[in-house]
There are 2 protein chains.
Amino acid sequence: MEDINPHSPPSLSEQQFDVLIESIKDYQITHGSLLKHVHQAQASLALTRAVPVSLFPTTFPKGCFDSAVRIQETYNDLYARISQDEGFLFRVLQPLIQDDPFTKILWNIHVAAKQEGLVQPLTLGIFRSDYMIHVSAEDTILFDTGQNHELKQVEFNTFSVAGAAHSDIVAGMYLHMHKTGAYSSHFGDPAEIPSSIPPNRPIAGLVEGLASAHSAYGAPKGNSSKRTGILFIVQHDNFNIGDERPLEYGLWDRPSPIPAYRLEFRSILKHVSLGPSKELLFSSQSCPLSPLEISVVYFRAGYEPEEYDADGRAARLLLEQSLAIKCPSILSHLTTFKKVQQALAMPGVLEQYLSPPQCSDIRATFAPMYPLDTSDLGLRARALATNTETAANYILKPSLEGGGNNIYGEDIPLFLSTVPRGKWPTYILMEYINSPAQHGNLMSSEGSYEGPTISELGIFGVCLWREGRDGRTVEVIDNREVGWSFKTKPEEMEEMSVVKGYGFFNSPSLVDY
Amino acid sequence: MEDINPHSPPSLSEQQFDVLIESIKDYQITHGSLLKHVHQAQASLALTRAVPVSLFPTTFPKGCFDSAVRIQETYNDLYARISQDEGFLFRVLQPLIQDDPFTKILWNIHVAAKQEGLVQPLTLGIFRSDYMIHVSAEDTILFDTGQNHELKQVEFNTFSVAGAAHSDIVAGMYLHMHKTGAYSSHFGDPAEIPSSIPPNRPIAGLVEGLASAHSAYGAPKGNSSKRTGILFIVQHDNFNIGDERPLEYGLWDRPSPIPAYRLEFRSILKHVSLGPSKELLFSSQSCPLSPLEISVVYFRAGYEPEEYDADGRAARLLLEQSLAIKCPSILSHLTTFKKVQQALAMPGVLEQYLSPPQCSDIRATFAPMYPLDTSDLGLRARALATNTETAANYILKPSLEGGGNNIYGEDIPLFLSTVPRGKWPTYILMEYINSPAQHGNLMSSEGSYEGPTISELGIFGVCLWREGRDGRTVEVIDNREVGWSFKTKPEEMEEMSVVKGYGFFNSPSLVDY
């Protein structure tokens, strides 16, 4: 149609905007695109607010999107392999094991579980690789067809990966809005499925991944239970049940339902125990199959240091040494730390795990990253980070997972001056990804935003692998790319976190540049 | 299983209750079983609270449920036929046409449209017949296997019938709770679909009904539009979009999508017009198909007298005289008035429309009802209603649709003394349905209730009919029973209205008594 200009947002009249806003709110309310209010005055209350969203899909280079999708299985493979390479992880994480209490706790749990004997050779990974578009021209502030768009990885998440359900629902929402003509014909004829808005079914993808691990676990190994099921380890008072419950429903609703139960991280020790063959047994008054033998432990909690008091450590150890397939194992959990991302970018590292073409694909997505240790490269990075002028082009990242706690640009030198030098190696320095801004319209319960925005693409992967008999090689059993997330934030915001209110779910509108 | 006692609610431990409550809340949040907060401080807010629900299905006599389902098509047929019998309706409604402003307005719109010429012989009805269980023993307060349960109709709704989507979602919720073992094995083995909880898909049923009328309308009759679509006439600031939007999505999501647009009752005149062939044309910036020829006008608004100011009357007239199929027509709307229900109960009336076995089926569901006019029967009713002792056994109902504004038992004589005698014929007197109470657990954002409860069963029907060439006979084209609603209230509440906070969606648990 002639009025399509895929390089700009739809231009809508005020009336069209009003209808769009109500249509989006109603779609969210009727499809569970919601955050639950917790800490209610009374148990019977179930108040919600809508997940923050963009009012329409945002332009994204098709080539970059396709690349991200294409290389996800390679990324899955890479992270499966390094998850089994204890020696590599120990070398990389050593500064953290010494100086970061959380890393130390996790590593020690791994060591303790290994001493008891790790009995389950299978591990399930549910991953999300996050990217932004980088353009070299320093003065570029808007997408431009003349630019050379590069896909650069922000981080690779391996633990308690969120956003699959919300992304799935929101993707369906934009297709519905398009179909009803709420965007006029901006994304093409409303009667046609728009080619620029990619379909997205990560709920089904994650459910398939969990089901595939459940099936690989096989029949009960002990005599206590005749059935097996999946245990979701969750946080208490979680307002983000809208991102978890659909996975449980997906498991229960299969033609052969897979029992799926929730257990709060803080209550693990009360409800699980090991049977004689180290099978993990879950018992609860709400589970008539009790004791239920657990095939897969799926973590949606356990990523915050505060969760690991004595009971928390004992609980994680109990799960780790059990026969249940962990999603993920402690070692796989540790691969989510930024220090690992940086180590993979060092010359010669990828080559230990991947073929030359795979290495080239993966390396192309690396932004320049440096350790902050006393190696030659580390010293160079220290010089960059402590000089306000050069630091402006970098982000200092602590080696925790998630996007929080980063230090940006000119703030780095002052910040580092407050950190004892001995702890500097726990940080990495990453070159700033210069992502072109685009005009956006964002909506949340906090209000609306219209103005320049930056987006982040995440690709979901599921991977089931088996440790080789030699304890080092890896047999990948199931490896899939299962959809995307796309989050947008006002340009001036540094962090991208929907749950903290800084980010908005969105969809890419793919354009050939 | 041995611990099933279908005659009592499940007995759950405190921990099981806590899990059940969170599971129900989360299911509601993720499935749109929600009420939207309207009148928000800012447009971007989409706050909700959960639809009030029972924590578990409530015992209901299977024989009565089966009867209600079985006779729905007969009821559909009956109401299709009386909707076409203008003479009957005029005779019955005459006291209201004189003395009730709302009835007069609707009747006058019908007359005006008829003078212009009614051009669409097809009408769609979306009905819900509501029942309670009656037991004769006056001292009975709980269900008892020895009782003779009778299915008695509370009212028959023909206009803006609500609850289909909420009932559909809630029915799925109980099945999910059962499947996960949240009710232990109270409703049977959780691994089996429970035979006592009837499946319920009224969303699909109503969508099929609307689609069937849309299809019967056929190709555009005018030259202005190449497409046809369904227009939902809705209230502004409606918190109950969760009961309407799923029907729109169902139409859009069909293999051949049926365009469905919403139009507020107060804005009809701004957005619709008649084409040369009286085809109804909808134009809106949010509808790229504008002007869209409307195949079916589906009313979810227009039942409140306040909506009928001069513009409201002109709007309803415009729709009524258009070629669009009305769901429903004015005459069919008028059949929802209690006076019609009472008139159908008079000797010899049913026989004009139904076969003898059908009459017998339908009559069995009638509670004793009386006019309050000056006929012999009316005078008898006046005597009953003005004596505190005899009035105790009756309900006085104004002839509006819906459950509100009823006067109960001993309050009737005093109330009637405030009503001019000339207006008495606008009321009907109905014998109190003595419904046995059952123990229930109800939950809403207002709090929880545990104690004796009363339930009401509704059966949804859709019916598409054509006026015969003689203007009197009726050809029924599509006639289906499409599911149920089941609502429960604390015994001491007189009204049953979920949206007013007096009722709770529920499911029957069918038991052979």
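Between chain A and chain B, 25 residue pairs are in polar contact, both residues at pLDDT 80 or more. A polar contact is a pair of N or O atoms within 3.5 Å; within protein, one must be able to donate a hydrogen and the other to accept it, and residues adjacent in sequence count only if both atoms are side-chain atoms. This is a predicted model, in which local features need pLDDT of at least 70 and side-chain atom pairs count only at pLDDT 80 or more, while totals for chains, interfaces and linings use all residues. Residues are numbered from 1 along each chain as its sequence is written, chains are lettered from A and ligands numbered from 1 in the order in which they are written, and side-chain values use heavy atoms, with hydrogens and water left out.

Helix H1 (14-31) of chain A gives the most, with 12 residues. Among the others that each supply at least two residues are helix H6 (164-180), helix H8 (245-252) and strand S18 (447-467). Helices (H or I, at least four residues) and strands (E, at least two) are DSSP runs, numbered from the N terminus.

Eight salt bridges link chain A and chain B (a side-chain nitrogen of Lys or Arg within 4 Å of a carboxyl oxygen of Asp or Glu). B:Lys36 pairs with A:Asp26 in a salt bridge, their closest N and O atoms 2.7 Å apart.

The contact (heavy atoms within 4.5 Å) takes 49 residues from chain A and 51 residues from chain B. About 4,400 Å² is buried between them, and carbon and sulfur atoms give 55% of that. Buried area is the accessible area (1.4 Å probe) that two parts lose on being put together, summed over both. In chain A, A:Ile29, A:Tyr249 and A:Gln285 lose the most area to chain B, together 14% of what that side buries.

How do the copies relate? A rotation of 180° with 0.0 Å of shift along its axis superposes chain A on chain B, at RMSD 0.0 Å. That is the relation of a two-fold axis.

Now move to A:Leu210, in helix H7 (residues 202-217) of chain A. A:Leu210 is buried, at 0% relative accessible area; buried means under 20%, exposed over 50%, partly exposed in between (1.4 Å probe, protein chains only). Beyond its neighbours within four places in sequence, A:Leu210 contacts residues including A:Leu124, A:Ile230 and A:Phe232.

Terms used. Least-squares fit on C-alpha atoms with pLDDT ≥ 70 in both.
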